[in-house]
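Reader: Hi! Could you walk me through a few backbone details of this one?
Author: Happy to, here it comes.
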Amino acid sequence: MGSRWTWRFLALPGVAWLGVFFLVAFYAVLCVAFGNQDTLSQPVPFWNPLDWNVGYVLDVLSNFRHGGQFLTVSIRTLEFVAIAMALSLAIGYPVAYFAARHSGRWKGLVLVLLIVPFWINYLMRMLAWINLLSANGWGTRILHDLGIEQLFIWTGLLSTRGGWLDGQPSAVIIAFVYGYVPFLILPLFAALDRIDQRHIEAARDLGASPFSAFLRVTLPLSVPGILAGCVLVALPMFGDYYTPDLVSASTKTTLIGNQIDQFTRQGSEKVTGAVLTMLLALVLLLLMFYYLRTTRRAAQEAGA
Amino acid sequence: MGHPKDRSGLTRRQLLNRGAGAALAVGGAGLLAGCENTTEPIGASAAGPAGEAGKLVVPKPVGPGGLPLPRPDNAVTWAITPENQPISDGRPLEKGPLNVYNYADYLDPATLKKFQKETGASVRIATYNSADEAIAKLAAGAVAFDVIVGLTGSNIVNLIAQKLLQPLNHSYLPNLPKNVWPQLQDPFYDRGSRYTVPYVVWMDGIGWRNDKLEQDIAAMDVPWDIFWHSQPYRGLVGVLDDKRDALSMPMQRDAMRTGIRPDLNTEDAALVSHAGEELSQLNGICNVKVTITDYQTLPEGKTVLHHAWSGDLLSGAFYYMPKGVKPDVLSFWGPDSNGVVQNDFLCVGKAAKNPVLAHHFLNFMLDDRNAYDNFVNFVGYTPPQNAIDAEALIGQGLIPRSLARAVVRPDQFAANQELLQLSVEGERHWDDAWSKFKAG
């Protein structure tokens with residue numbers, strides 16, 4: 001009994017923190033989105049839901065319905081995030097798998113190496129890319145020498161030699177993958193590391209090939225890790241606006257985050273910015289629910 | 001026809017009124033609006049002519065709390081209200097420290113040191129990143145700033161509406177009539193310079209690398225056309241990441257072609273959206289970049305053609321040239337008329353703790369020697385001073401000849417246009433067009 005109260009008491013600061021800085025803040029965004037603006041072009045939140053003005057929300061929704069710029073950037077954002085997430089998974093899974101199952105006594109070191117990127121600020125890592133990928137940069141030269149540049153030009157992902165920073169969607173996606181892949185590897189590593197070795201041994205004893213054992217045992221058991229990793233990389237990517245600004249700045253790589261940034265920080269339409277923020281949050285909330293449902297089901301199946 | 005935002009039982013007008021009510025509660029603009037702000041020419045009063053006569057005039061857009069929006073043909077004298085009076089003559093200097101609110105790197109540290117030596121008062125600088133941020137923080141009143149640097153004609157109405165400035169006592173500012181361009185001693189946005197004095201001016205133009213571009217852009221009939229012929233420089237071309245500056249650019253191009261003077265403060269949705277469509281053509285032509293880092297990317301050659309603020313090219317030439325690249329590879333062209341000029345203010349904050357010292361600082365920055373040093377040693381933006389002469393600067397080897405046009409001339413300033421505050425509706429048209437352009 002006493003211990004239960006202790007834990008409740010200890011949870012209090014965290015709950016209060018979430019309450020104030022998430023729920024109240026999110027409610028404020030709602031009140032701005034369903035509010036109006038004054039003659040100084042400043043938002044006027046309507047705190048009472050009964051007063052809410054749906055005009056701005058309907059305006060944004062009608063822009064979506066009529067194929068306006070918000071639809072364009074939303075589809076583009078989905079594409080970029082989906083591709084970047086798939087690439088992160090393709091790169092991250094083998095790394096996590098190796099670290100969890102085959103690194104042996106080097107496991108500690110491998111884990112440290114995985115965490116090292118977090119020591120350096122995300123912005124710094126992106127700025128480094130700008131020098132590496134500039135026309136005469138080292139990165140550009142290496143990509144050229146390895147023939148990767150040629151591959152990108154063939155596939156139409158790059159328009160000119162050395163033109164990585166000329167406003168290329170591919171550069172933004174590569175930067176996304178580079179910037180966020182550690183967030184995917186860590187939960188995946190944890191999930192793979194937790195898998196009971198005996199399950200795989202059992203599969204092998206029962207005649208499964210290594211590949212089949214991986215496909216039928218390891219992969220399904222790592223689904224919660226895959227999902228957690230994907231959620232962790234997708235959420236920040238959806239709201240990212242500085243990565244496209246830094247490595248591209250072209251209008252072809254404008255994402256929904258850039259539009260929100262434009263309306264809230266540079267423009268006088270802060271209410272529209274709040275509406276876009278709210279709609280993005282709703283979409284992410286749906287994704288979160290899907291994630292929670294899937295992991296719960298996976299946990300139940302594992303329990304059964 | 002209803003506006004899409006007219007929903008939820010309240011009409012848009014009611015909503016705006018509610019909004020205005022909130023603004024009044026915050027800024028207390030109502031008092032000012034009802035006060036003796038006088039405006040001059042035809043149809044200039046905030047509400048416009050009343051009754052039958054009102055039907056004969058297209059109403060002018062109005063600003064917060066119904067305040068007039070200053071235009072060259074609608075000059076405004078801001079009232080000095082009983083509760084916000086200028087300081088009296090001949091008061092002694094306070095001890096400081098002087099609190100200055102400014103953009104980052106926008107005052108020469110050596111000039112500041114000289115001020116500290118002269119007055120014995122130290123200077124503390126706090127910085128802001130955007131005019132919006134500055135006004136929001138000033139309105140919140142957390143810090144009582146003595147001097148505010150860098151706000152412009154596009155902010156003046158907000159500053160007055162929210163009562164953020166203190167009226168100036170000109171007996172402390174002898175350098176204003178002595179050194180400053182006559183046209184900025186009594187500007188239309190603040191007749192009698194009651195609340196503002198000019199700090200620096202600049203213009204929008206084209207910055208390019210003359211070693212990478214073959215064309216002599218300055219010699220073209222319509223130099224702005226270069227952006228629509230920039231296919232060879234795909235990926236290396238940029239426009240300013242600012243909705244007003246960027247959307248004004250195709251408007252200026254049209255004006256140069258037709259010879260008709262544009263209104264760069266237009267609130268006509270069709271004109272603004274047309275400008276946005278013309279700008280969007282650049283996506284296909286050169287995969288245009290939208291940045292304000294031209295002061296760095298042009299010297300480094302990461303862009304070779306950029307829509308630019310004049311001061312950017314000078315600061316680029318002063319600070320950002322890579323080893324082995326001479327500043328004379330940079331060129332700048334700006335239009336003689338119908339283009340964009342802008343003017344940053346020096347103001348005294350309403351809640352200034354050191355108002356005499358603040359006036360002294362304004363006068364110090366208007367001194368010809370100090371203004372010159374601040375310009376050529378650090379800021380790169382032209383002070384509107386009679387003594388500044390591009391030819392002399394070139395002669396002294398301070399700036400390359402190819403950047404002579406980055407020094408704004410008084411006749412240029414007079415014949416170009418300032419980008420000024422719009423009404424809420426007008427602002428919305430510019431935001432919409434900008435958001436469409438930036439979505440690619």
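Author: B:Pro97 sits in the loop between strand E2 (76-77) and strand E3 (98-103) of chain B. Strands (E, at least two residues) and helices (H or I, at least four) are DSSP runs, numbered from the N terminus. This is a predicted model, where local features need pLDDT of at least 70, side-chain atom pairs count only at pLDDT 80 or more, and totals for chains, interfaces and linings use all residues. Residues are numbered from 1 along each chain as its sequence is written, and chains are lettered from A and ligands numbered from 1 in the order in which they are written.

Reader: Thanks! Is the peptide bond from B:Gly96 to B:Pro97 cis or trans?
Author: That bond is cis, with omega near 0 degrees.

Reader: New topic: where is B:Lys163?
Author: B:Lys163 is in the loop between helix H6 (156-161) and helix H7 (175-179) of chain B. Its phi is positive, near 55 degrees, although the residue is not a glycine.

Reader: What about phi of B:Ser193?
Author: Phi of B:Ser193 is near 45 degrees, again positive in a residue other than glycine. B:Ser193 lies in the loop between H7 and E6 of chain B, and counts as buried because it has 21 C-beta neighbours inside 10 Å.

Terms used: Buried ≥ 20, exposed ≤ 12 C-beta atoms within 10 Å, placed from the backbone.
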